[in-house]
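Please look over the structure below before reading on.

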Amino acid sequence: MKTDLPSLIECVPNFSEGRNSKIIDDIVLAMESVPGVKVLHVDMGYDANRTVITFVGDGNSCQEAAFRSILRAYQLIDMTLHHGTHPRLGAVDVFPFIPLGSTKMQEAIDRSVLVGKRVADELNVPVFLYNESATIKSRRSIATIRKGEYEGLADKLNTDEGKPDFGSNIFNPATGALIIGARKILVAYNFNLNTKDKTIAKKIAEKLRGKNSGLKGVRAIGWYMDQFKCAQVSTNLIDLNSTPLYKTYEYCNRLANDMGVQITGSELVGMIPLIALTSFTDYFKPKNGLDDRAKVNFAAETLGLNSVKAFVAENQIMEWAIAGELN
């Protein structure tokens, strides 16, 4: 996927806390205590009880900010008290490193491995390497590592399948385990349905998932979000080259109609590359002659990006947010 992104590393950690803003503020401060790190976006989800934070910087800065934020999260988040709709394995559930611009994937891999080993050595937390950093083929998939979730982690750690890449197999109830690794850019995107029936959302998600739909690199689950009073099909689009946003939207819309419901809007979790929205407009409105701003506006309106929470293009389009922070 071609972008005009500068050569940086992006980190998009997911913390198992989406209700206490003071805790998240403290974690952000830990990231920003490292010179050269820019926090671009913070997305708190109440029902998921999960926060996605996006920051960028050079390799050394991101590596140090990652460790400091993980340490702070372990000091503040107690997994024995955690309840939420999103699958999770620990207080810091997943911590991806993403190469931007001309940065090589290998650097992102190396940085993630160094942080993972340090967390295991200094904080005594079991660590699993995933995606591009995985040393076990099955662990390229985060769903495989999360199987059984936090509630099944104590037993899992004592199996051959559940042996961590770093650290001991001793279960720490307060922290759980850390999943860390390198990956490509993905889009976390949720479709809102005009129903509260989560079974419909689950059926759509099952048909939408890449192994069932033929849409490469689409992960999906269905749930009910009390905060928004609707069922959602929650997706991760992990291969935007093969399956751009417009393809997923088109197919999900067809599945919804087949089940007698409609997509009423959507929720973007975190950030999105500009091309995901401009290509959406080019697909549904070919030969449009619009500039990028107008294309973003058309996509945002069609997708209903402001339906359940505000979509601020300058803050959530990666290229624009990074340019704003670095200028």
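The points below are grouped by topic.

This is a predicted model. Strand β8, residues 187–193, is mostly covered.

**Cysteines**

- The sulfur of C11 has its closest cysteine sulfur in C62, at 4.4 Å, which is too far for a bond.
- C11 is buried, with 0% relative accessibility.
- C62 is buried too, at 0% relative accessibility.

**Strand β8**

- Seven of the seven residues of β8 are buried.
- In a regular strand, side chains alternate between the two faces of the sheet.
- On one side of β8 lie V187, Y189, F191 and L193, and on the other A188, N190 and N192; all of these are buried, so both faces are covered.
- β8 runs antiparallel to strand β10 (residues 230–237), and six bridges join the two.
- Within β10, Q232 is the bridge partner of N192.
- β8 also runs antiparallel to strand β11 (residues 263–269), again with six bridges.
- In β11, L268 stands opposite Y189.

**Salt bridges**

- D26 and R72 form a salt bridge, with their closest N and O atoms 3.5 Å apart. This pair links distant parts of the chain, since D26 is in helix α1 (residues 21–32) and R72 is in helix α2 (residues 59–76), 46 residues apart.
- D26 counts as buried at 14% relative accessibility, whereas R72 counts as partly exposed at 27%.
- R146 and D93 form another salt bridge, and here the closest N and O atoms are 2.6 Å apart. R146 belongs to helix α4 (residues 142–146) and D93 to strand β5 (residues 92–99), distant parts of the chain that lie 53 residues apart.
- R146 is buried at 12% relative accessibility, and D93 is buried at 0%.
- The side chains of D282 and K295 meet in a salt bridge of 3.1 Å, N to O. D282 lies in helix α9 (residues 274–284) and K295 in helix α10 (residues 292–303), so the pair ties together parts 13 residues apart in sequence.
- D282 is partly exposed, at 32% relative accessibility, while K295 is buried, with a relative accessible area of 12%.
- A network of salt bridges links E64, R68, R118 and E122.

Terms used:
Residues are numbered from 1 along each chain as its sequence is written. This is a predicted model: local features need pLDDT of at least 70, side-chain atom pairs count only at pLDDT 80 or more; totals for chains, interfaces and linings use all residues. Side-chain values use heavy atoms; hydrogens and water are left out. A disulfide is a pair of cysteine sulfur atoms within 2.5 Å. Buried means under 20% relative accessible area, exposed over 50%, partly exposed in between (1.4 Å probe, protein chains only). Helices (H or I, at least four residues) and strands (E, at least two) are DSSP runs, numbered from the N terminus. Two strands pair if DSSP finds at least two bridges between them. A salt bridge is a side-chain nitrogen of Lys or Arg within 4 Å of a carboxyl oxygen of Asp or Glu.
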